[in-house]
Every structure is written in C-alpha cells, then in structure tokens.
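Subject: Structure for your review

Hello,

Please find the sequence and structure below. My notes on what was found follow.

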Amino acid sequence: MRRSIKSLLLVGLGVLLAFPVFSMTYYTMVRTSTPGFCASCHEIEPAFNAWTTSTHRNNAQGLVADCMDCHLPAPHDTVDFFYNKTLHGMKDVAAHVLHGPEGYDRAENRLKAYASIKDDQCLKCHRNITNIPNNRGAMLAHRAALYPAEGESRKCTDCHRNLVHVDRAIYAYKQYAPPYRATGLTTLGVPGAL
C-alpha cells in the first residue's frame, strides 16, 4: 500500500512539474513563429517587407502563408518541427552575433532557402495543381514536376522563384496583374522554358 501511494505521489509531482514546462515551451514556440517576430531581426526585415507585398499575403482568396508555412516542416510533425525551428533559431542568432547585419548576404541566403524548401511544404496549400482546367500549360507543367520522367526532376522553387521575397514598391494583387508565368527555369538556363 505504501509503495503505491509513493508511486502516485511521484507521478502527480511529475505532472505538476511537466505541465508548466510544456506550456512555456509551447507558448515560446507559438510566439516565435509569427512573421512579426521574424521581422524583429534587422537581417530578416527586408524579407518580411517583401513578403507583405506578395501574393502569399495579399490575394483575392484571403489566405496567408507566413514564414513558418514555407520555411519549417508542418507543426503536426512535432519532433521535426521543434528540431528545425530550434536549429534555424540558433543559426540566425549566431549569424547575428558573429557577423551582424552587415554580414548577412540576402542573395546567398535566398538560394539556401530555395534549396532547403521541400515540395511538401508548398503542396500543403497548393494541393490541386494537377487540375487547372483554364490553364492547360500550368496543369501539364505541374504534372511533369510531380511525376517526372527519369532524370528530369524539379522542385517547386525551380520554377517559382519570383513569388514571395521580391522587392516591390506596391502590393502584387494577382487579380490585377497579367497572367502569371513561372520564370525560375529561364533564370536557370533551361532551354525551352517560359
């Protein structure tokens, strides 16, 4: 009887200690996953400003894809999310402390981001890209990217490099813009690309 009471007390104490620690960790993760928090670093502020004028924030559908949606794994993938978020945070703080805002090469970091963004992160929101009845070219291009022939694999960011972190003077509302043409392959020197 005494042993079971001692075990129950230890479990109760564990729960009492674990709950605040978990709550603080979760609260910290939520608070540091906002675009406003990302923009609090001088190095990230230009990327934040470019995002605010992009269609990932301003669009006719009213949807918003924030920093975490593209740059981190999905939060339901808890271990991978926490690991990558912590790794990105430590890397950014170390770069800020060691090199300062002057040492931040935006073009180089943009290329690293393109390399690290996985198609799954794009496909979380863009799920119906193989059925675009009013744009056959885009539909076929997306099918070729999702189901590539041998040796012809592409990532979403290979074609779509000019959507989000591009400096614009005004908001880029797509309903007022000419039809979108993916320019990424042209800049990569792929022959026959649009």
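Before the rest, the conventions. This is a predicted model, in which local features need pLDDT of at least 70 and side-chain atom pairs count only at pLDDT 80 or more, while totals for chains, interfaces and linings use all residues. Residues are numbered from 1 along each chain as its sequence is written, and side-chain values use heavy atoms, with hydrogens and water left out.

Helix α5

Helix α5 covers residues 78-99; helices here are DSSP runs (H or I, at least four residues), numbered from the N terminus. Its 22 residues should span 32 Å at 1.5 Å a residue, and the end C-alpha atoms are 31 Å apart, which agrees. The expected span is 1.5 Å times one less than the number of residues.

The buried residues of α5 are Phe-81, Asn-84 and Lys-85. They cover an arc of only 100° around the axis, so they sit on the same side of α5. That arc is taken from the directions from the helix axis to the C-beta atoms. Buried means under 20% relative accessible area, exposed means over 50%, and partly exposed is in between (1.4 Å probe, protein chains only). The buried residues of α5 pack against α1 and α4 (67-71), where contact means heavy atoms within 4.5 Å. On the face of α5 turned away from the buried side are the exposed residues Val-79, Tyr-83, Met-90, Val-93, Val-97 and Leu-98.

Salt bridges

A search of the whole structure finds 3 salt bridges, each defined as a side-chain nitrogen of Lys or Arg within 4 Å of a carboxyl oxygen of Asp or Glu.

- Lys-91 pairs with Asp-92, the closest N and O atoms being 3.0 Å apart. Lys-91 is partly exposed at 45% relative accessible area, and Asp-92 is partly exposed at 32%.
- Arg-106 pairs with Asp-167, with 3.2 Å between the closest N and O atoms. This pair links distant parts of the chain: Arg-106 is in helix α6 (residues 106-116), and Asp-167 is in the loop between α9 (156-159) and α10 (184-188), 61 residues apart. Arg-106 is partly exposed at 27% relative accessible area, whereas Asp-167 counts as exposed at 56%.
- Glu-108 and Lys-112 meet through their side chains at 3.1 Å, N to O. Both lie in helix α6, 4 residues apart, about one turn of the helix. Glu-108 is partly exposed, with a relative accessible area of 39%.

Surface patch and one further residue

Leu-10, Leu-13 and Leu-17 make a nonpolar surface patch of about 310 Å². Patches are made of residues with over 30% relative accessible area and no salt bridge, with like charges joined within 9 Å and nonpolar side chains (Val, Leu, Ile, Met, Phe, Trp, Tyr) within 5 Å. Accessible areas come from the Shrake-Rupley method with a 1.4 Å probe, and for residues only the protein chains shown count as cover. Leu-10 is placed in helix α1 (residues 2-31) and counts as exposed because its relative accessibility is 54%.

Asn-49 is in helix α3 (residues 45-52) and is partly exposed at 39% relative accessible area.

Regards

Technical notes:
Helix = DSSP H or I, 4+ residues; strand = E, 2+ residues; numbered from the N terminus.
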